[in-house]
Amino acid sequence: MSTASAATFDTTTAATPTTTRTGAIEGDALARDGALLAARLTVGFLIFGHGAQHLFGWWGGPGFNGLAAGLTHLGYSPGRFFAALLGASEVTGGVLLMLGLLTPLGAAAVIGVLTNAIVTVHWSHGPFAANGYEFPLLLAVAAATLAFVGPGQLSLDRGWRWSHGGALPGLVSLALGIGGALIVLAVKAVG
């Protein structure tokens with residue numbers, strides 16, 4: 001290979017890293033985007049399903065009235081308001097993550113709901129116990145990771161600045177999620 005053609009090849013790959021002769025970068029990008037899609041679908045569906053149990057009684061869940069009664073028992077007043085807030089956050093956050101749409105906001109909703117659940121319901125049991133906090137913590141970390149890494153190109157966020165993740169979307173998701181949970185916990189404590 002001549003010096004001129006080597007320089008052209010290096011410039012081309014530096015400017016457009018997804019167009020190499022070997023296809024290795026294209027395959028890596030597709031694998032990454034596929035893995036992000038699988039993670040989004042899994043975390044999003046689990047959170048959506050939990051919200052559907054809470055709001056609609058699907059899959060053996062308590063339904064809205066059962067959730068409101070349970071939240072009232074836990075000290076959330078008015079229980080129906082907090083049931084609507086919890087269920088809507090779970091369903092909306094789950095759907096946004098599955099679609100890869102407004103991913104930082106979907107992640108924030110999931111982080112907020114799970115932070116609140118960990119503090120209110122699961123923390124006293126510790127990790128690795130019946131009703132322990134390890135599973136909600138895992139889902140919250142997965143949601144935060146999706147905000148920091150981005151939803152990938154197989155998402156409706158494709159083309160938006162946050163589709164590639166980064167510190168800003170990740171930190172915004174953490175701040176909104178944890179901040180929202182702290183506000184709900186403060187209202188509960190005062191209520």
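**Figure 1. The end of helix H6 and the residue after it.** In this predicted model, helix H6 is followed by Gly150, which has a positive phi, near 95°. Helices are DSSP runs of H or I with at least four residues, numbered from the N terminus. Residues are numbered from 1 along each chain as its sequence is written. Local features need pLDDT of at least 70, side-chain atom pairs count only at pLDDT 80 or more, totals for chains, interfaces and linings use all residues, and side-chain values use heavy atoms, with hydrogens and water left out.

**Figure 2. The buried face of H6.** Pro136, Leu139, Ala140, Ala143, Ala144, Leu146 and Ala147 are the buried residues of H6 (buried: under 20% relative accessible area, 1.4 Å probe, protein chains only). Down the helix axis they fall within an arc of 155°, so they line one face of H6; the arc is that of the directions from the axis to the C-beta atoms.

**Figure 3. The largest nonpolar core.** This core has 14 residues, and Ile47, Leu97 and Ala107 are among those with the most contacts inside it. A nonpolar core is a set of buried Ala, Val, Leu, Ile, Met, Phe, Trp, Tyr and Cys residues joined through side-chain atoms within 4.5 Å. Helices H2 (24-56), H5 (103-122) and H6 (134-149) each give two or more residues, and H6 gives the most, with six.

**Figure 4. Gly106 in helix H5.** Gly106 lies in helix H5 and counts as buried, at 0% relative accessibility. Beyond its neighbours within four places in sequence, Gly106 is in contact (heavy atoms within 4.5 Å) with Gly93, Leu96 and Leu97.

Conventions:
Buried means under 20% relative accessible area, exposed over 50%, partly exposed in between (1.4 Å probe, protein chains only).
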